[in-house]
Amino acid sequence: MGSAVLPAALIVGDRVVDRMLTRTGGMFGLWFPGIGKAVMVADPTLVREICRAPADVVDSAGANRVQEPVIGPQGLGSLEGADHRRLRAVMAPAVRDRALPRLRTATEELAEQVVGQCPVGTPFSLRPLLHQAMMRAVLEITMSVERSRQNVWLRAIQQLFLLADSYEITIRYALRHAGALALWPSYHRAKDVCDRLILDEISQRRRRGDEGDDLLGMLLRARDERGARLTDGVIRDQVMSMIAGARTTTSNGLAWAFERVVRHPDALSRLSDESDKGSEDVYASAVLYEALRVRPPVAFFGRRVRRPFDLGGRRLAPNTTIIIHLRSLHHDPGLYPDPAAFRPDRWLDRRPAGYGWMPFGGGSHTCLGDRLAIMQMKTFLQVFTRSLALSPADRRDEPVRWKAISNSPGADCRVVARHR
């Protein structure tokens with residue numbers, strides 16, 4: 001029965017997962033092509049045990065190699081141990097606390113440009129505009145790509161992710177051992193175009209001897225324990241990891257934040273009032289935390305068992321994949337009374353903590369760009385609500401569109417904008 005849950009969720013929605021988890025006490029077994037034996041988990045107590053298990057018992061990277069066709073085998077999400085820690089330390093200064101004030105100014109300018117692109121008085125899809133903005137932002141952060149050259153990059157990235165986000169890649173990944181991924185010419189052509197752009201940028205900077213202060217520059221300056229530079233392939237995979245993260249988590253998370261808040265006029269009014277004052281972002285943070293809770297942009301993340309692992313009274317055998325289902329985790333009524341309701345007030349006297357709110361993953365593989373993403377999403381919420389009065393094009397909730405591992409608004413966040 002468990003093996004039928006994921007296909008059923010594609011057809012009738014994630015609530016089928018909720019019902020199965022309720023029937024089985026928070027964990028059930030399944031088998032999935034390309035993954036094999038697995039368990040689905042959403043109990044926060046069990047999630048805590050999983051994320052805190054020793055690395056020689058539970059592998060944090062192995063189950064997430066479903067992303068390898070895009071980010072590569074040496075991307076941060078695919079690495080573990082010393083290699084993972086070293087690259088994380090190299091990349092952190094480009095996207096963590098000290099860099100955020102400078103990046104916030106650039107994000108405000110970008111948000112104002114998107115506001116100017118919004119048609120007034122007629123329904124339009126906001127998500128494509130947000131998506132393109134996040135892609136421009138990540139190109140500037142990772143490689144300082146000039147605005148005049150960004151369209152070439154955007155076309156290449158869009159073509160690659162049209163395939164990488166499709167249902168087809170899920171099937172091909174499941175059949176990868178039979179050559180379904182290797183024998184996919186259109187995908188490899190699109191990937192090669194993106195790879196050439198990144199590798200050409202690396203080559204030009206190496207020739208100039210001017211690495212720069214962005215993420216790419218930090219990777220070019222990095223040295224391993226023997227003093228050797230990172231290979232071009234390793235650097236390529238880190239750049240593509242950042243692009244994939246911005247495209248999936250940040251742009252979809254922001255689209256969901258707008259989709260939710262425009263359907264709750266009281267929350268939208270409070271957000272607008274705070275944005276007008278411009279002195280704090282307490283309510284903007286609460287709106288964002290709640291949107292990421294009720295509509296996590298990533299459907300799930302995984303771990304793989306290396307040695308026999310006791311979890312919830314059951315012993316999991318080596319090579320079992322553990323799938324942490326985020327929507328069910330975030331809707332645990334023991335953590336969130338009336339969990340389906342959108343209530344930003346939940347977060348006014350607390351910040352996300354523990355193992356009941358994990359839109360950016362958890363443990364040692366928590367997304368490195370989480371603080372950057374939160375800053376960008378809050379800034380967009382504030383700039384938009386200062387400038388525009390937004391309302392939903394349709395009062396009904398937009399359905400969840402699930403593709404590969406991501407969730408996005410089923411109507412692309414259709415809204416109506418008016419000048420304030």
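Arg 327 counts as buried, at 12% relative accessibility (buried means under 20% relative accessible area, exposed over 50%, and partly exposed in between, with a 1.4 Å probe and protein chains only). Arg 327 still has a partner: a salt bridge ties it to Asp 18, with the closest N and O atoms 2.3 Å apart. That pair links distant parts of the chain, since Asp 18 sits in helix α2 (residues 15–24) and Arg 327 in helix α15 (residues 326–330), 309 residues apart.

Keep in mind that this is a predicted model, where local features need pLDDT of at least 70 and side-chain atom pairs count only at pLDDT 80 or more, while totals for chains, interfaces and linings use all residues. Residues are numbered from 1 along each chain as its sequence is written, and side-chain values use heavy atoms, leaving out hydrogens and water.

**Salt bridges**

- Side chains of opposite charge can pair when their charged atoms come close.
- Here, a salt bridge is a side-chain nitrogen of Lys or Arg within 4 Å of a carboxyl oxygen of Asp or Glu, and that rule gives a count of 28 salt bridges.
- Arg 306 and Glu 80 make one of them, with their closest N and O atoms 2.6 Å apart.
- This pair also joins distant parts of the chain, 226 residues apart: Arg 306 is in the loop between β5 (300–305) and β6 (309–311), and Glu 80 is in the loop between α4 (68–71) and α5 (81–95).
- Both ends are partly exposed, with relative accessible areas of 36% for Arg 306 and 26% for Glu 80.
- Arg 343 and Asp 338 meet in another salt bridge, 2.8 Å from N to O.
- Arg 343 is partly exposed at 39%, and Asp 338 is partly exposed at 43%.
- Some salt bridges join up: Glu 259, Arg 260, Arg 263, Asp 397 and Glu 398 are linked in a network.

**Strands and sheets**

- Helices (H or I, at least four residues) and strands (E, at least two) are DSSP runs, numbered from the N terminus.
- Two strands pair if DSSP finds at least two bridges between them.
- Strands β1 (residues 27–32) and β2 (residues 36–41) pair in the antiparallel sense over 6 bridges, and Met 27 stands opposite Val 41 in β2.
- β1 and β2 form a hairpin with 3 residues between them, and Gly 34 in the turn has a positive phi of about 85°.
- Elsewhere, an open sheet of 3 strands has the order β4-β12-β9, with antiparallel pairing.
- The edge strands of that sheet are β4 (124–125) and β9 (388–392), and each pairs on one side only.
- β4 is joined to β12 (residues 414–419) by 2 bridges, and Phe 124 stands opposite Val 415 in β12.

**Helix packing**

- Axes are lines fitted to C-alpha atoms, for helices over the stretch in contact (heavy atoms within 4.5 Å), and angles run from 0 to 180 degrees between N-to-C directions.
- Helix α16 (residues 370–387) lies across β9 and β12, running at about 100° to β9.
- Helix α6 (residues 100–117) packs against helix α7 (residues 127–143) at an angle of about 150°, with axes 10 Å apart.
- α6 and α7 are therefore roughly antiparallel to each other (angles under 35 degrees count as roughly parallel, over 145 as roughly antiparallel, 65 to 115 as roughly perpendicular and the rest as oblique).
- Where they touch, Leu 103, Leu 110, Val 114 and Gln 117 in α6 meet Leu 129, Ala 133, Arg 136, Ala 137 and Ile 141 in α7.
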